[in-house]
Amino acid sequence: MSRTIRRFRRKPNGWVLARKITQAAALLVFLGGLILSRNSTSQELLIKDLVRVSPLAMLAELLSSKTFLAGSTLGLAVLLSSFFVGRAWCGWLCPLGTLLDVFHFSRGMKGKPLPEGLRKIKYGLLVLILTAALLGNLTFLFFDPVTIFIRSMTLAVLPALDKVVYFLETALVKVPFLTDPVLAFDAWLRPQVFPVESAVYQYAVLFGGLLLILLLLNFVAERFWCRYLCPLGALLGLGARLSLFQRRVNDHCTQCGLCASDCPTGTIDAEKEFGSDPAECTMCMRCLESCHQKAVTFTGKWQIAPRQEYDPGRRLFLGTAGLAVVMTVLFGVDWKGRQPRPRLLRPPGVEKNNAFLSTCVRCGLCMQVCPTQALQADLAESGLEGPGTPVLVPRIGYCSFSCNACGQTCPVGAIPPLSLKEKRLSKIGRAVIDHDRCLAWGQHENCLVCEEMCPLPQKAITLEKSGFSRTDLPGEELLLPVVNSDRCIGCGICENKCPVSGEAAIRVESIWS
Amino acid sequence: MKPITRREFVKIAGTSLTAVAAQQLLSACGIKPTATELPTETKQPQATESLTEASATEAATEESAQNSTSTPAQTAYLAAVRGEKIEEMVRQGLKALGGMERFMKPGADVIIKPNICVAYNTYEYASTTNPWVVGALVKLCIESGAKRVRVMDFPFGGTPDQAYRNSGIQEQVEAAGGSMEIMSGLKYVKKAIDGAVSLKQVEVYQDVLTTDLLINVPIAKNHSMARLTLGLKNLMGTILDREAIHPSFEKNLSDLATLVKPQLTVIDGIRTLMANGPTGGSLDDVKLQNTLIFSPDIVAADSYATRLFGKTADYLPYLGAAEKRGLGKADLSGLKIEEINV
């Protein structure tokens, strides 16, 4: 419908208000949960449940690991909700959906509507994810909206916000009369909201970029992601076809077309008497505001939605399932993927890389709670199956001897929930000294930082007498650091603090066989 | 060609400015916060200042030796207190030095710098300063009318808030009426060290330079590089980029001590970590010595503390270096040392 019709203002509606409040609250719970989770005192919060509400992630996890986790019940509840209220999750709760609503620019910018057939893509993605999951591959969970939200908040948005705040603070603290308030604000902010030392993440631009692309696609069509791409939306859409509550149009309709031009998912079709597809409708209720004739109702009646041209068919199903099989097989035969990777370190307690790839849902919570940013999102260190999985990068952050947050937080147990005592004994890798780069070994300087940092009660790095004297203090005997591989747990604080610039002279290598 | 309209111009200019600003901002990303220049606060003149400065900076020189003898005759240069009641030990030790009043006057702003190097262990493991020693010092400062007593350190292992809690220090400090401060990236200032031999410039926490009274409360521990970590080594907690200080360690440590000058050093030798320091983690390495050492002279305090390990000042090359730089006395002979049993 053309814009010229837009002469009526939308009338406020209680349902829309309730929806907006719910959305804001849900977004706040997600964001607040993420922020608070970094504070080690509040780890017992419901942070795991932020991921467990995603039925897609939990279903894929179930198919892949073949074990039902008690926590999955939450995701199951959301899945079952689709039989009653359709895709209300998308319109009322999904944090990514809410972000897309906030950053929505397309009103009044409508060009030619995109072909309806694009809506198929999301079903394709859904089948791809679930089939691959059945074969033990969770790579495509990268596209679960909940994981996209958590990952991009953790790796890009919150650190960027931190950086902006810090930038402003450093500027304002120089203004004499603002110095004290700024310092007081900073003291409140860290470590409550942001870490004391700003977080840094590798590939933050790429992971944040994905969110940016999804937001920019809003320019093309409102909620582009939800309409065409979202595999979780597709999953809920399947149940929504039979949903109890659906949008229905009665005979008060004057065919004015206002509802169609307001609908964020563009599912209201003038050619079908302004009816809509419950598999596309997010129950946002905006059409209640548009309609001045009380022609739109959301009433409870079990009814099977009429078929749409873009509904997934046998061909789509077989095609994408086949594609998933081919992809999984290709991942399996990839030479690069089968090579030993000496620098691939996983979170503490993870023992088998392949099993880890089949259980990790790529949500990124472990990276959010890791206080030292030791856990980083992988791009391809663990092969092409691994984007978004956590890897431990000691040069960026070490695994703190007083922390076991990752295992306690992992919503699917991919990182085992070790007690602190167990974690302190669990081997992540082992440190290896590069004698040529080492200041002590290579240049006979007095540097024992690695030994000093080693947190083990019985140091895994010991000092050996060299028989030489120190170059900086002749007469004093030089000591040389030596790693005891049996004791070393590979926490990486030695690599992290090694004063050699660039690559450290002591590095943690993996112990994968 | 169509002439450019004002609106377009503003748009383009705005966009490019934003882009430039964003680029500036992004280029700042990826680096951990570094020190920034703060307006330097002018310190409030204090009546006790001359006294405390004299005792801290010139303690080693002959003049100050006279100076300290010019204070009441019973005032000790160094006090070593042994016993089991920590608060009483702290009171007796300070009394021997002339009381807390010698170091501060009512209304003073006090910073106490314990050693909270890691968040790994509780105090029993002797990797962090004994919480009750810190608590008693806070209490004494407040009794003497301190306006504010802040306690801080920047751990190298684990986060500060975690370390403050796990060490037990937070609990004792707060119970005594002090507060824990997390050392903010905003408060580090770049300082050139005049007359430095090796460490010409350092990023140091501004407040430890400007506070009325800085009390250095290290725990005596084994340390591979320093051999023992005591008062001088504890000053490293006030600067950034500590790893870089390790090469030419002895010279750097003396250079730092010419900039950061605690007016009082209290060495915690209640439980000492005899091996596998500075992190510790095994009770087998901990020795109960029930000793506290008090002195305005950081070098003398360190020198005396080597006795806890059965050594003398010669054991620590950096003490000799510090003495030569006039930072204090490593040779304790002829000094008025009071040994007290509580």
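This is a predicted model: local features need pLDDT of at least 70, side-chain atom pairs count only at pLDDT 80 or more; totals for chains, interfaces and linings use all residues.

Author: Start with Y203(A). Y203(A) is partly exposed, because 17 other C-beta atoms lie within 10 Å.

Now the backbone. Phi of Y203(A) is near 60°, a positive value, and the residue is not a glycine. Most residues other than glycine have a negative phi, and most peptide bonds are trans. Y203(A) sits in the loop between α9 and α10 of chain A. P191(A) is found in the loop between α9 and α10 (204–220) too. The peptide bond that joins R190(A) to P191(A) is cis, with omega about 5°.

R227(B) belongs to strand β9 (residues 227–229) of chain B. With 17 other C-beta atoms within 10 Å, R227(B) is partly exposed. There is a cis peptide bond as well, from G277(B) to P278(B), with omega near 0°. P278(B) lies in the loop between β10 (264–273) and β11 (286–295) of chain B.

α8(A) gives the most, with 6 residues. In total, 47 residues of chain A are in contact with 40 residues of chain B.

Next, the rest of chain A. It is divided into domain 1 (11–139 + 220–300) and domain 2 (427–513). Their centres, taken over C-alpha atoms, are 53 Å apart. The largest nonpolar core has 232 residues, and I129(A), L78(B) and V133(B) are among those with the most contacts inside it.

I129(A) deserves a stop. Leaving aside residues up to four places away in sequence, it touches L56(A), A60(A), F140(A), L141(A) and P231(A). Helix α3 (residues 55–65) and helix α7 (residues 120–134) of chain A pack at about 30°, with axes 7 Å apart. Angles under 35 degrees count as roughly parallel, and α3(A) and α7(A) are therefore roughly parallel to each other. Their crossing is right-handed. L56(A), L59(A), A60(A), L63(A) and S64(A) of α3(A) meet I129(A), L130(A), A133(A) and L134(A) of α7(A).

Helix α4 (residues 86–96) and helix α5 (residues 131–143) of chain B pack at about 55°, with axes 9 Å apart. α4(B) and α5(B) are therefore oblique to each other. This crossing is right-handed. From α4(B), the contact uses I86(B), E87(B), V90(B), R91(B) and L94(B); from α5(B), W132(B), V133(B), A136(B), L137(B) and L140(B).

Finally, chain B as a whole. It has 12 helices and 12 strands. Buried residues make up 52% of its 342 residues. Among its contacts between residues at least 6 apart in sequence, 74% join residues at least 24 apart.

Methods. Residues are numbered from 1 along each chain as its sequence is written. Chains are lettered from A and ligands numbered from 1 in the order in which they are written. A nonpolar core is a set of buried Ala, Val, Leu, Ile, Met, Phe, Trp, Tyr and Cys residues joined through C-beta atoms within 7 Å. A residue is buried if 20 or more other C-beta atoms lie within 10 Å of its own, exposed if 12 or fewer, and partly exposed in between; C-beta atoms are placed from the backbone. Two residues are in contact if their C-beta atoms, placed from the backbone, lie within 7 Å. Axes are lines fitted to C-alpha atoms, for helices over the stretch in contact, and angles run from 0 to 180 degrees between N-to-C directions. Helices (H or I, at least four residues) and strands (E, at least two) are DSSP runs, numbered from the N terminus. Angles under 35 degrees count as roughly parallel, over 145 as roughly antiparallel, 65 to 115 as roughly perpendicular and the rest as oblique. A crossing is left-handed if the near helix is turned anticlockwise from the far one by less than a right angle, and right-handed if clockwise. Domain bounds come from an automatic or database domain assignment.
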